[in-house]
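Colleague: I would like to learn how to read pockets and charged pairs in a model of this kind. Could you take me through them step by step?

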Amino acid sequence: MSLPHAILTALLEKPSSGLELTRRFDKSIGYFWSATHQQIYRELGRLEEAGQIRALPSPVPVRGQRKEYEVLPAGREFLREWVGAAEDPKPLRSALLLRMRAAAVVGSAGLRAELERHLALHRAQLDEYFGIEERDFPAERRADEPDRLRHLVLRGGIDLERFWVEWLTAALTELGPEERAAPAEPGPED
């Protein structure tokens, strides 16, 4: 997935300004595709140049006024083609897993605390996802395809967080208690 596709998706859901898109990314799309404010504005310019979006006309032209964008037919078609295209999964890149691999060769001092911190973060994210599910996706609201698809995306996030909570819990159990550093050996001066 790429940022242009995420922006087109968000704009098709609701025409928005760059600032509104940034806020929406923080609350929804950003859970699985993050972007900075600058990246969003840069991509809005590219999409506008490519004729895939346009700034909606403002009732009163004012310098520095925010622009609200909508998707043009070319942008909708670009997104439609991408939805149906094949794309291989990307390999997982995880600094935490790499850190554990490194701990196997240099020692695991401090690793337990980092695993516990990650576990707390994943538990908090899982709780947040459950809150979103309860608030935004009651059973009666999952009747139409758009809501079913949005709920499936959320369920994917829930399942990923459950995986991390279970895996980190098991890793902490297997790692055992943190070993304290051995006291320094007395030197010849002692």
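This is a predicted model: local features need pLDDT of at least 70, side-chain atom pairs count only at pLDDT 80 or more; totals for chains, interfaces and linings use all residues.

Colleague: How much space lies in the largest pocket, and which residues are closest to its centre?

Modeller: The largest pocket holds about 2,200 Å³ of space. Its lining is made up of 48 residues, and those closest to the centre are Ser 28, Ile 29, Phe 32, Trp 33 and Val 153.

Colleague: Which helices supply the lining of the largest pocket, and where does the largest share come from?

Modeller: At least two lining residues come from each of α1 (3–13), α2 (18–27), α4 (73–84), α5 (95–106), α6 (111–136) and α7 (145–175). The largest share belongs to α7, which contributes 12 residues.

Colleague: How does that lining divide into nonpolar, polar and charged residues?

Modeller: The lining of the largest pocket has 25 nonpolar residues, 9 polar ones and 14 charged ones.

Colleague: Turning to the charged pairs, what is the general idea, and how many salt bridges does the count come to?

Modeller: In general, side chains of opposite charge can pair when their charged atoms come close. In this model the count comes to 13 salt bridges, taking a side-chain nitrogen of Lys or Arg within 4 Å of a carboxyl oxygen of Asp or Glu as the rule.

Colleague: Where do Arg 117 and Glu 114 lie, and is each of them buried or partly exposed?

Modeller: Both residues lie in helix α6, 3 residues apart, which is about one turn of the helix, and their side chains meet in a salt bridge at 2.9 Å, N to O. Arg 117 counts as partly exposed because its relative accessibility is 45%, whereas Glu 114 counts as buried because its value is 16%, the cut-off for buried being under 20%.

Colleague: What should I look for around Asp 159 in helix α7?

Modeller: Asp 159 forms a salt bridge with Arg 155, with the closest N and O atoms 4.0 Å apart, and these two residues are 4 residues apart in α7, about one turn of the helix. The side chain of Asp 159 also meets that of Arg 162 in a salt bridge of 3.9 Å, N to O, and this pair is 3 residues apart in helix α7. Asp 159 is partly exposed at 42% relative accessible area, Arg 155 is partly exposed at 22%, and Arg 162 is partly exposed at 34%.

Colleague: Which residues do salt bridges with shared partners join into one network?

Modeller: Glu 13, Arg 24, Asp 147 and Arg 150 are joined into one network in that way.

Definitions and conventions. Residues are numbered from 1 along each chain as its sequence is written. Side-chain values use heavy atoms; hydrogens and water are left out. On a 1 Å grid over the protein atoms alone, a cavity is a set of points where a 1.4 Å probe fits but cannot get out, and a pocket is an open set with protein on both sides within 12 Å along at least five of seven lines; lining residues have an atom within 4 Å of a point. Grid points are joined across faces, edges and corners, and a volume is the space filled by probe spheres set on the points. Ala, Val, Leu, Ile, Met, Phe, Trp, Tyr, Cys and Pro count as nonpolar, Asp, Glu, Lys and Arg as charged, and the others, Gly among them, as polar. Buried means under 20% relative accessible area, exposed over 50%, partly exposed in between (1.4 Å probe, protein chains only).
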